[in-house]
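Here's a quick tour for anyone opening this structure for the first time. Have a look at the sequence and the fold, and then we'll walk through a few spots together.

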Amino acid sequence: MTLDEVLAKLQSRFPQAGVQKVDTQPDAHLSVDAKGILEVLRFLRDELQFETLANLGGVDLLAESKLVVVYHPFSYTHKLIVPLKVTVNREVGVKVPSVCSIYKAANWLERETYDMFGIDFEGHPDLRRILLPDDWKGYPLLRDYKTPDYYNGMPIPLYFGDPPDEGKPAHGGEA
């Protein structure tokens, strides 16, 4: 099975999901409307034997004012990953359906994506921060995020270890 064969099956089965192939480099991906992601992933799992979700993450397209959720369902049977992308407007409280009911691996991956990008996965069984404290302000992987100088009165270091010396490269090379 190839990406084009998966695309043909998805387009014929779910014309309302807006599934399109996008020829990006180095690899093409399939674009899916947020409203159709649940049925597309369920079909991939149940009918096309994509048994697991290898990864799920976010991307901030600040210049386009968009956020992207990237899914990587994997088939052991076909030895194939189908990259799927859901693009939504970049706004506070943006919602995308949770896919935890389809792939259990999505649970913590959605929590991490929420924690870093602020994307609300609607229907998630336990959507809360996973990497940062519950009272942390903002979402650190958004491109316009400004790291605060202090958290609860403690300074936040922008580097760990000894500060780099003036005139010396930070990674031990020669100046």
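Let's start with Asp60, whose side chain reaches the backbone nitrogen of Leu62 at 3.3 Å. Keep in mind that this is a predicted model. That side chain also reaches the backbone nitrogen of Arg143, this time at 2.6 Å.

Where does Asp60 sit? You'll find Asp60 in strand β3, which runs over residues 52-61. Is Asp60 buried or exposed? Asp60 counts as buried because its relative accessibility is 3%, and the cut-off for buried is under 20%. If you skip the neighbours within four places in sequence, Asp60 is in contact with Lys66, Leu67, Arg90, Phe117, Leu141, Leu142, Arg143 and Asp144.

## The largest pocket

Next up is the largest pocket, which holds about 210 Å³ of space.

## One side of helix α1

Finally, head over to helix α1 (residues 3-13), where the buried residues are Leu3, Val6, Leu7 and Leu10.

What covers them? The cover includes strands β1 (20-22), β2 (29-31) and β5 (80-81), along with helix α2 (37-46).

Definitions and conventions: Residues numbered from 1 in each chain as written. Predicted model: local features only at pLDDT ≥ 70, side-chain atom pairs only at ≥ 80, totals over all residues. Heavy atoms only, no water. Helix = DSSP H or I, 4+ residues; strand = E, 2+ residues; numbered from the N terminus. Buried < 20%, exposed > 50% of the residue type's maximum accessible area, 1.4 Å probe, protein only. Polar contact = N/O pair within 3.5 Å; in protein donor to acceptor, adjacent residues only side chain to side chain. Contact = heavy atoms within 4.5 Å. 1 Å grid on protein atoms, 1.4 Å probe; cavity = no way out; pocket = protein on both sides within 12 Å on 5 of 7 lines; lining within 4 Å. Points joined across faces, edges and corners; volume = space filled by probe spheres on them.
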